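Hi,

Here is the structure I promised to pass on.

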Amino acid sequence: MVESKRAGKSTQRSAKSATATKKKTATGITAEERAAMRELAKERKAARTKAEDEAAVLEKIAEMPEPDRSMATRLHAIITKSAPELSPKTWYGMPAYAKDDKIVCFYKSADKFKSRYATFGFEEAANLDDGAMWVTSFALTKLTAADEKEIGALVKKAAS
């Protein structure tokens with residue numbers, strides 16, 4: 001009987017510990033999201049030149065696992081060629097491209113938030129408005145020549 005009481009107490013403690021853990025994450029923010037917010041805070045504090053910003057983007061791309069790294073490298077080339085007026089910079093630790101210090105587009109690797117696909121997206125500064133509804137992001141698993149052409153055209157329009 002003593003053993004069953006101890007087992008019951010241990011179960012209660014485990015339940016209490018689990019509840020305490022849930023309270024710590026009650027905001028619904030994951031560890032990856034907290035890390036991204038810390039990166040954003042560092043980015044905002046850093047006063048970098050355009051060359052330093054681009055170097056930071058290339059460094060973030062180099063840190064990515066495959067196939068995210070290959071896609072990010074290719075997207076960087078497409079974006080800088082299609083819209084040279086956009087400035088590469090990191091945003092929440094992700095490669096992004098800005099006009100007048102406003103993010104126009106970004107690449108989020110699948111690994112960043114443990115997603116099943118990478119994302120190429122546009123922010124509100126993108127000039128893509130078309131009627132009452134338009135696409136703001138794309139799931140990417142690979143890049144084909146047709147995808148690259150479409151992304152180049154969208155980036156050019158977004159930056160206009």
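To start with, which residues of H3 are buried? They are Asp53, Ala56, Val57 and Ile61, where buried means under 20% relative accessible area, exposed means over 50% and partly exposed is in between, using a 1.4 Å probe and protein chains only. Seen down the axis of H3, these buried residues fall within an arc of 140°, so they line one face of the helix; the arc is taken from the directions from the helix axis to the C-beta atoms. Ala51 and Glu63, on the other side of H3, are exposed.

Before going on, some ground rules. This is a predicted model, with residues numbered from 1 along each chain as its sequence is written. Local features need pLDDT of at least 70, side-chain atom pairs count only at pLDDT 80 or more, totals for chains, interfaces and linings use all residues, and side-chain values use heavy atoms, with hydrogens and water left out. Helices (H or I, at least four residues) and strands (E, at least two) are DSSP runs, numbered from the N terminus.

Back to H3, then. It covers residues 50–63, 14 residues in total, and reaches 20 Å from its first C-alpha to its last. That is close to the 20 Å expected at 1.5 Å a residue, the expected span being 1.5 Å times one less than the number of residues. The cover over its buried residues includes helix H4 (68–82), strand S1 (87–91) and strand S2 (94–99).

S1 is worth a look too. Four of its five residues are buried, so S1 is largely enclosed by the rest of the structure. It runs antiparallel to S2, joined by five bridges (strands pair if DSSP finds at least two bridges between them). Thr90 stands opposite Pro95 in S2. The hairpin of S1 and S2 has two residues between the strands, and Tyr92 takes a positive phi near 55° there.

Tyr92 also turns up among the aromatics. Rings of Phe, Tyr and Trp (its six-membered ring) pair if their centres lie within 6.5 Å; planes under 30 degrees apart count as stacked, over 60 as edge-to-face and the rest as tilted. That gives three aromatic pairs. Trp91 and Tyr92 have ring centres 5.1 Å apart and planes at 75°, so this pair is edge-to-face. Trp91 is buried at 16% relative accessible area, while Tyr92 is partly exposed at 27%. Phe120 and Phe122 make an edge-to-face pair as well, 5.1 Å centre to centre with 80° between the planes. Phe120 is buried at 0% and Phe122 is buried at 6%.

Which residues touch the most other members of the largest nonpolar core? Leu86, Phe120 and Val155 do, in a core of 25 residues. A nonpolar core here is a set of buried Ala, Val, Leu, Ile, Met, Phe, Trp, Tyr and Cys residues joined through side-chain atoms within 4.5 Å. H4 gives the most to this core, with five residues. Leaving aside neighbours within four places in sequence, Val155 is in contact (heavy atoms within 4.5 Å) with residues including Ile79, Leu86, Phe120 and Phe122. A second, separate core has seven residues, among them Leu40 and Met94.

Last one: Gly121 sits in strand S4 and is buried at 0% relative accessibility.

Cheers
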